[in-house]
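Trainee: I would like to go through this model with you. Where shall we begin?

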Amino acid sequence: MILRTFLLLCLSLFCHTLAAQSCQTASVVIDSIGFEGNEVSKSRMLLFELNIAPGDTLLTADLEEKLEENRRRLFNLRLFHEVGYTYTCREGLVSVTYTMQERWYLYPIPIFDLADRNFNAWLERRDWDRVDYGINLIRRNFRGRNEEVRIRLQQGFNKRLEFTYRVPYVSRAHKLGMDFGIADYRSRAIDYRTLNNRQRFFVQESGVPIQRTLLTTGLTHRQSVQRQEGLRLTYVQEQVADTVLALNPEYYTADKQDRQYLRLELAKVINLRNSFVYPLTGSYFEAIVAQTFFLNGNGAPITTLRAKYVDYHHLSGKYYYFVGGEAQARFSKQYAYADNVALGFRSLVRGYELQVVGGQHFGLFKQGLTRELFQHEGVHLKFIKSPKFNKVPLALYANVFTDAGYVIDEEFEKGNPLANRFLAGIGAGLHLVTFYDFVFRAEYTVNREKTGGFYLSGRFPF
């Protein structure tokens with residue numbers, strides 16, 4: 001079976017145009033769609049991810065473009081190492097076979113994380129006590145239906161206990177999905193204030209200065225893997241030590257040690273990128289509207305608007321270009337320090353990895369020119385027998401970029417000079433992409449303050 005799957009993949013990935021019998025008619029009808037290599041994944045689930053079905057009529061000139069579009073749809077489920085296709089055409093009837101090499105779906109991943117925002121923030125302290133360890137159990141493609149179960153057991157500087165369960169299909173039309181999660185978080189340290197755009201931490205030797213419990217559930221409407229809308233409701237209960245309020249009475253509003261709140265969030269995503277891991281062409285759009293309601297008078301309601309758009313272009317040869325922006329607006333009658341998050345966490349201007357810039361509103365602009373240096377479909381590791389692990393794809397890219405941003409902070413800007421100021425960074429780096437969605441970035445950046453630094457990251461930049 002393994003040998004047959006391997007041969008089918010070779011055929012589909014490199015020779016499918018040779019295998020196809022050219023259609024002589026102006027239009028064709030999809031007669032059948034089959035799948036090979038999906039030992040775990042249900043064929044019915046895969047069929048629902050396509051935007052073609054048996055009985056559809058297509059222009060012959062559009063056939064291969066449509067088949068390739070659907071190949072990318074299957075690949076971007078991130079359930080397979082490789083996806084290819086073959087087809088035959090007889091008397092205007094087309095039979096299509098999609099072939100795939102499935103990933104390994106059970107991940108007992110050891111946790112060894114640094115407790116800081118990024119590697120460079122940790123490297124500045126080099127404190128080996130600020131390390132988290134444990135195990136993250138992930139079961140992807142549960143029951144062969146693209147369901148996912150996650151259990152996180154984490155000890156060390158930050159303690160976490162998390163459970164999430166995601167079901168992409170809960171309706172007969174395969175359009176609605178749901179998820180549920182519960183988490184408990186406790187940390188030995190808390191950033192109680194920001195001065196000179198650096199977090200100030202309070203470390204408590206016995207007990208914990210902050211603990212948080214979270215319950216969340218979401219409903220997702222999936223037009224396809226590329227177009228989704230979601231509605232999410234989250235309940236959070238958190239408490240800090242009395243010492244935190246002594247250090248910063250504005251950490252929470254109303255000078256209280258604990259608070260509970262509900263967050264209702266509506267999100268829309270249109271992901272037309274050629275790859276969800278390291279995109280080179282296509283576009284990405286995301287918009288979020290959220291409302292936070294505090295219970296028992298623990299704070300003023302907060303309305304958050306957030307949007308992001310990125311365009312990816314193929315210039316010529318091995319050169320690619322991306323440009324995009326992200327913005328956030330947050331409105332409330334009263335702001336707590338704990339909610340004053342803008343740049344330096346999920347979103348940042350490269351070159352300011354060691355700083356955080358809090359605020360209510362921000363805008364972010366990024367652009368980059370990418371040159372493909374090396375692309376290999378897979379390095380074969382002969383000493384590993386399993387086809388899920390013995391072929392390691394490798395890609396290496398050179399990238400030059402500029403980032404710019406601006407944060408508006410009308411509440412906690414005192415002592416933080418980067419707020420209400422234009423931020424910019426320019427740099428160059430190397431990006432390595434390999435299997436199981438791993439991206440490694442090594443970049444050198446100079447910011448507007450003429451401070452240069454070498455930074456490491458494990459995420460795609462935008």
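Mentor: Begin with C23, which counts as buried at 14% relative accessibility. Buried means under 20% relative accessible area, exposed over 50%, partly exposed in between (1.4 Å probe, protein chains only). This is a predicted model: local features need pLDDT of at least 70, side-chain atom pairs count only at pLDDT 80 or more, and totals for chains, interfaces and linings use all residues. Residues are numbered from 1 along each chain as its sequence is written, and side-chain values use heavy atoms, with hydrogens and water left out.

Trainee: Which residue does a disulfide join to C23?

Mentor: A disulfide is a covalent bond between the sulfur atoms of two cysteines. The cut-off here is a pair of cysteine sulfur atoms within 2.5 Å. The search of the whole structure finds one disulfide. At 2.2 Å from S to S, the partner of C23 is C89.

Trainee: How many residues apart are C23 and C89?

Mentor: The pair links distant parts of the chain. C23 sits in the loop between α2 (16–19) and β1 (27–36), and C89 in strand β3 (residues 80–90). Helices (H or I, at least four residues) and strands (E, at least two) are DSSP runs, numbered from the N terminus. The separation is 66 residues.

Trainee: Is C89 buried or exposed?

Mentor: The relative accessible area of C89 is 8%. That value is under 20%, so C89 is buried.

Trainee: What is the volume of the largest cavity?

Mentor: A cavity is a set of points on a 1 Å grid over the protein atoms alone, where a 1.4 Å probe fits but cannot get out; lining residues have an atom within 4 Å of a point. Points are joined across faces, edges and corners, and a volume is the space filled by probe spheres set on them. The search finds five cavities of 30 Å³ or more. The largest holds about 70 Å³.

Trainee: Which strand gives the largest share of the lining of the largest cavity?

Mentor: The lining includes Y278, Y320, F322 and H431. By class, it has nine nonpolar, three polar and no charged residues. The largest share, three residues, comes from strand β17 (residues 319–331).

Trainee: How many charged residues are in the lining of the second largest cavity?

Mentor: This cavity has a volume of about 50 Å³. Among its lining residues are E49, K175 and R222, and Asp, Glu, Lys and Arg count as charged. Beside two nonpolar and three polar residues, the charged ones number three.

Methods
On a 1 Å grid over the protein atoms alone, a cavity is a set of points where a 1.4 Å probe fits but cannot get out, and a pocket is an open set with protein on both sides within 12 Å along at least five of seven lines; lining residues have an atom within 4 Å of a point.
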